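Please look through the sequence and the model below before reading on. The paragraphs after them are meant to be followed with the structure open.

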Amino acid sequence: MRIVLPADGAGVRDTEGLCARLTRLYEDGAGAVECDAGAVTVPDLGVVEALARLRLAARGRPLRVVGASPALRALLGLVGLLQLLGEAEEGEPAGGVQEGVQPGDPPV
């Protein structure tokens, strides 16, 4: 299943519609959803907000962002939200990865 971010940036109404569509897809049994960001040529904070709200609307269910341009990646990195793409920020381990366990370490 797939949703597509609009090319001209996401406004409030776009974001509400995308979140509603995402919720319906999961309610209809979608196991995972792709969010296509390939049409976004000039990313702005509206796109960042849309991606953040979509991640919240997914409620921990699989949501994969595909097609993010280098400009969008840079903007997400700048505001500290690169993890919205499912990637770890520089110097951070990927989500769910434990760097190492030593004998006697308390459970996490």
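What follows goes from confidence to the sheet, the helices, the core and a few single residues.

This is a predicted model, in which local features need pLDDT of at least 70 and side-chain atom pairs count only at pLDDT 80 or more, while totals for chains, interfaces and linings use all residues. Residues are numbered from 1 along each chain as its sequence is written, and side-chain values use heavy atoms, with hydrogens and water left out. The average pLDDT (the predictor's confidence in each residue, from 0 to 100) is 84 for the protein, and 81% of the residues score at least 70. Where pLDDT is low, the predicted coordinates should not be read in detail.

The elements named here are DSSP runs numbered from the N terminus, helices being H or I with at least four residues and strands being E with at least two. Three strands form an open sheet in the order β1-β2-β3, with parallel pairing, where two strands pair if DSSP finds at least two bridges between them. β1 (2-4) and β3 are the edge strands, each pairing on one side only, and neighbouring strands are turned by 25 degrees against each other on average, direction ignored. Between β1 and β2 the parallel pairing extends over three bridges, and Arg2 has Glu34 in β2 as its bridge partner.

α1 lies across β1, β2 and β3 and runs at about 175 degrees to β1. α2 packs on the sheet, touching β1, β2 and β3, and its direction makes about 155 degrees with that of β3. Contact here means heavy atoms within 4.5 Å.

Which residues have the most contacts inside the largest nonpolar core? They are Leu5, Leu22, Leu51 and Leu54, in a core of 29 residues; such a core is a set of buried Ala, Val, Leu, Ile, Met, Phe, Trp, Tyr and Cys residues joined through side-chain atoms within 4.5 Å. Buried means under 20% relative accessible area, exposed over 50%, and partly exposed in between, with a 1.4 Å probe and protein chains only. At least two core residues come from each of α1 (12-27), β2 (33-36), α2 (45-58), β3 (63-66) and α3 (70-78), and α2 supplies the largest share, seven residues. Leaving aside neighbours within four places in sequence, Leu51 is in contact with Leu5, Cys35, Val65, Leu72, Leu76 and Leu84.

Leu76, placed in helix α3, is buried with a relative accessible area of 0%. Not counting residues up to four places away in sequence, Leu76 touches Val48, Leu51, Leu81, Leu82, Leu84 and Leu85. The C-alpha atoms of Leu76 and Val48 are separated by 6.8 Å, although these residues are 28 apart along the chain.

A search of the whole structure finds zero disulfides, a disulfide being a pair of cysteine sulfur atoms within 2.5 Å. The sulfur of Cys19 lies 9.6 Å from the closest cysteine sulfur, that of Cys35, and is therefore too far for a bond. Cys19 counts as buried at 14% relative accessibility, and Cys35 is buried at 0%.

Arg59, by contrast, is exposed, with a relative accessible area of 71%. Arg59 sits in the loop between α2 and β3 and has a positive phi of about 50 degrees although it is not a glycine.

Notes
Axes fitted to C-alpha atoms, helices over the stretch in contact; angles between N-to-C directions.
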